[in-house]
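User: Please take a close look at one part of this model, the nonpolar core, and then connect that part to the rest of the structure.

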Amino acid sequence: MDNSLQYLEIGFYGSAIILILVGLYGALMKKSLIKIVIGLSIIDAGLHLLMISIGYIKNGTAPIFSGEDFVVAGNMVDPVVQALVLTAIVIGFGVTAVALSLVIRLYRHHGTLKIDEIKNLKW
Amino acid sequence: MVGSPVLFIAIPLLAAFIIPLLGMIWKESVRILPGLVLVYLLTLSINLLGYVLDNGPIIEIIAGWTPPWGINLVFSAFSGFLVTLMLFLGLLVWIYSYRFKRNVDFEPAKKYFILLMMLITGSVGIVLTGDIFNQFVFIEIVGISAYALTAFYTGRDSAEASFKYLIMGSLSAGFLLLAIVILYSQLGTLNMADIARNIHTVKPVYKITALIFFIVGLGIEAEMFPLNGWAPDVYSQAPGPVGAAFAGIVVKSGVYAIIRIVYTIFDIEGAFDFLVIIGLITLLFAETAAIKQIRMKRMLAYSSIGQMGLVLVAFGIGTEAGVFAALFLMFNHAIIKSLLFYAGSYLVFNSKEKYINDVSGLGKSMPITSFLFALGAFAIVGLPPFAGFWSKLYFLIAAADSGMIMIIALILIVSIVEIVYYFRVVNKIYFSKKEAHVVPQRPTFNALFSMIVLGLIVIIIGFFPDLITGILHDASRDLMDKTDYINNVLSITH
């Protein structure tokens, strides 16, 4: 039993970190503006998965006190991280929307999505 | 008490969403409403600051959940001083941009003032909140409105600058979230005071990882090297008053967040040395970059980065005198850099490329603006009769008390570099022949008014620094007293 929990944890944390790394690769190495924005979203997704897995306990129930079958609070998964993730998803949505609107502006201004060709501003 | 700290967040946020509705009824109201809101909040914050200086900090509980469970707002001498400063600068930004160009259309004005209100909400929230996740939310509010304000002019390369800012901003926000998650997984709390009380139980490896992620995440707003690549582009592409708002409001809240993390939450000794080193690198990098700039606003942007480096060094000294000097530097930077951005953006108003050369000989055709720019330039390099002199003097005294002789030498050398590039501009304004193609732009009345107010403050603080030092001493004592902060927040009941 203990072993299965350990594998599950490794699975959660491992996939969260892999997602973050994939997102970082996309945001930093890709040349297309759209792919950069997608990379930023993937980083967010990885972080959300990481937060949810921190609050997870094995066989935990949803953190809701429902009248009839009253569950013990100790058996619930952590509700705080879930609230945090909900907030973070909304913020990520806002940032992605602003980013995509900027990409549209850049495409109209320069006629390209390649980041190498958009360099009017330099150090 | 006349009001509660929660109004500083609720009212501008409400105003931001009411502006478009009121605009449907009466078009002029989108310009007037932000001003009314800012005047009310400024008087409120001055009142509350007076109350706080006599009676100790005000802790506001949100939604009836006492700390450490709920979110709380802390209006102490330190945060109250910064809030008052930000709201004052916000009011001046409003006066300046009331009619930034003659005959502005209704649509741009509406968008501009909505975003400005959001920017002020976020910055004030960062300073007031006592909860790290709440602080993250406010940082994102500032971020989103700052990206949009940067891309405000469609004609320039502003979308490019804004996209750069957005990539850096959202990457660093990811790191910030990671830091918050690490702390939460170790301590199970998000309240700053509760974290500060229990931080000594955390293993050093988690503590240091979290601190590094925090500093990376917050350094972007504080223009810390190497996270400040966005600043020159953003300052040069954003509208003039927005540059002043960034230098005076956004950057201040970023520095506040870093300082709160290093001074109150974490108890790592090496963090102060880190601040000194990173501040010095920021300073040296920015001032050497500033001297070779040929565009006006980029030069001002690099100078702003350099000043923030100086502030970080002063905070890194770690003594109360150092904090005092740092707060004085922050105050002066906010006042003087706003003045320079206001005056500078009118000096290069009609020049397309915004070259420094284009200001040549404008001293005769724009006497008041040129004089105010020169005043700001003299003040920021620290010439004696102006405000900048006192902050640099207190900074050098604080450094000398801590035996940091090499740092004093470095700062003085950097000051000479600063003098060179500012006086080069002043020299061009007054003693060069006028460029034929440059048409001088007369500032509007309200722009002139806000510039003159700032100029008067620079001179008055220069002659009577005692007006401000009392409150700065209280604020620095408040920041240094960590146990007091923890006890005040955690002992609060309904």
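Analyst: A nonpolar core here is a set of buried Ala, Val, Leu, Ile, Met, Phe, Trp, Tyr and Cys residues joined through C-beta atoms within 7 Å, where a residue is buried if 20 or more other C-beta atoms lie within 10 Å of its own. This is a predicted model, and in it the largest such core holds 220 residues, of which B:Leu119, B:Leu176, B:Ala314 and B:Val458 touch the most other members. The element that gives the most to this core is helix H13 of chain B, residues 320–347, with 20 residues.

Turning to chain A, its secondary structure comes to 3 helices and 0 strands, which read along the sequence as α-α-α. Buried residues make up 24% of the 123 residues in chain A, and among its contacts between residues at least 6 apart in sequence, 56% join residues at least 24 apart.

The two chains meet in a contact that takes 24 residues from chain A and 23 residues from chain B. On the side of chain A that touches chain B, helix H2 (33–54) and helix H3 (79–110) of chain A each supply at least two residues, and H3(A) gives the most, with 12 residues. By class, that side of chain A has 18 nonpolar, 4 polar and 2 charged residues.

Notes: Residues are numbered from 1 along each chain as its sequence is written. Chains are lettered from A and ligands numbered from 1 in the order in which they are written. This is a predicted model: local features need pLDDT of at least 70, side-chain atom pairs count only at pLDDT 80 or more; totals for chains, interfaces and linings use all residues. Two residues are in contact if their C-beta atoms, placed from the backbone, lie within 7 Å. Helices (H or I, at least four residues) and strands (E, at least two) are DSSP runs, numbered from the N terminus. Ala, Val, Leu, Ile, Met, Phe, Trp, Tyr, Cys and Pro count as nonpolar, Asp, Glu, Lys and Arg as charged, and the others, Gly among them, as polar. A residue is buried if 20 or more other C-beta atoms lie within 10 Å of its own, exposed if 12 or fewer, and partly exposed in between; C-beta atoms are placed from the backbone.
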